[in-house]
Amino acid sequence: MKFWTQEENIDIKQLTKSELIELLQLEGEMQQSLFQKARVMRRLHGTDKVMLRGVMEISNYCQKNCDYCAMRAANKGLERYRLSAEEILYLAEEIKKTNIISTIFLQSGQDPNCDPILEEVIPELRKLNLNVLLCLGERPREVYSKFAELGADSYILKFETSNPDFYKEIAYTSLQKRLQCLSWLQEAGFKVGTGNIVGLPNQTLDTLAEDILLAIKLQPDFVSSSPFIPNQNTPLEKLSYGNINYTLNTMAIYRLALPSALIPTVSALEKIQKHGQLMGLNAGANVLTINFTPTGYRQKFRIYSEKRFVVSLDHALKTIEEAGLQVHLPSQETSLNYSLIS
Ligand code: 5AD
């Protein structure tokens with residue numbers, strides 16, 4: 001390997017696709033050295049305090065039919081739900097009470113029937129002084145602008161794969177439309193998050209390297225990589241898990257290329273390997289998402305699989321401690337609610 005030595009700093013933006021492909025395959029000592037560089041970059045940019053987000057999965061209705069997701073419209077066997085404004089605001093109070101989570105993350109299938117509910121709740125969540133992060137899929141430009149005007153400040157829309165043919169094959173809609181939505185979100189003033197899935201059908205190291213190049217080009221505020229999880233009652237239920245090393249290496253490369261970005265260590269990592277989320281923090285991540293969806297609905301939000309790993313506040317805090325990191329506190333004045341942390 002010519003370009004890469006354990007001692008030297010690397011400028012990711014100067015790397016060619018074939019060099020990225022080499023980085024993606026690192027294992028053992030060389031991989032540890034990549035992670036080490038990512039952690040140094042995180043520290044140098046002051047992004048090594050771990051941000052906690054509270055996710056509430058507000059609806060599992062979905063217009064789309066993505067082959068990897070059990071919430072796809074064609075899955076008629078799944079009981080559907082949608083939280084009311086009242087339920088959302090009640091749960092928001094629970095998030096608020098932790099005193100260490102200042103971002104509420106509202107996630108759903110692509111369900112436009114959520115929009116009137118969101119228009120009602122976003123201003124109320126702002127009154128609670130919570131930052132509002134949305135992940136609701138593709139919407140018309142005006143809807144994004146409306147959510148931004150009401151006070152939502154960030155939005156996640158993953159491109160999943162940078163290859164337009166693969167995207168069309170698994171999601172049945174165009175990648176171009178998705179990228180158009182991302183630019184509408186940026187124009188509306190949102191901080192945006194995006195990223196890829198590792199382990200989709202037909203993917204190669206070459207297309208994974210292209211995913212990285214696309215993520216860098218988009219200059220997102222948040223970026224993520226998650227391993228594919230085979231999901232029951234989907235066309236891809238028999239496919240294997242995505243490769244954890246490629247996923248972790250992608251995360252470390254994202255950190256080196258986008259030093260100030262928020263990078264989550266996703267629950268899918270923990271699902272495929274015990275301490276997987278710790279490995280994500282060690283590879284340069286700095287966000288953990290804690291699940292606040294009521295138990296009754298949680299099983300119906302089939303984002304990864306029937307038995308997904310549900311992140312509790314306790315698990316998140318332990319993982320952060322094991323990584324030797326600290327929690328990013330909403331403000332200096334905020335007092336911790338120790339009963340929740342112990
Ligand atoms: N495996 C991995 N990632 C998945 N997502 C959804 N289903 C799966 C799966 N089976 C990810 C997609 C989506 C985000 C909300 O969750 O990247 O954009």
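Trainee: Where does the ligand sit?
Mentor: Good place to start! This is a predicted model, where local features need pLDDT of at least 70, side-chain atom pairs count only at pLDDT 80 or more, and totals for chains, interfaces and linings use all residues. Residues are numbered from 1 along each chain as its sequence is written, and side-chain values use heavy atoms, leaving out hydrogens and water. A cavity is a set of points, on a 1 Å grid over the protein atoms alone, where a 1.4 Å probe fits but cannot get out, and a molecule sits in one if more than half of its atoms lie within 2 Å of its grid points. By that rule, the ligand sits in the largest cavity.

Trainee: Which residue has a side-chain N or O atom 2.5 Å from an oxygen atom of the ligand?
Mentor: Let's look at the polar contacts, pairs of N or O atoms within 3.5 Å. Lys158 places a polar side-chain atom 3.3 Å from a ligand oxygen, while Ile229 uses a backbone N or O atom, 2.8 Å from a ligand nitrogen. The side chain with the 2.5 Å distance belongs to Glu160.

Definitions and conventions: Polar contact = N/O pair within 3.5 Å; in protein donor to acceptor, adjacent residues only side chain to side chain. 1 Å grid on protein atoms, 1.4 Å probe; cavity = no way out; pocket = protein on both sides within 12 Å on 5 of 7 lines; lining within 4 Å.
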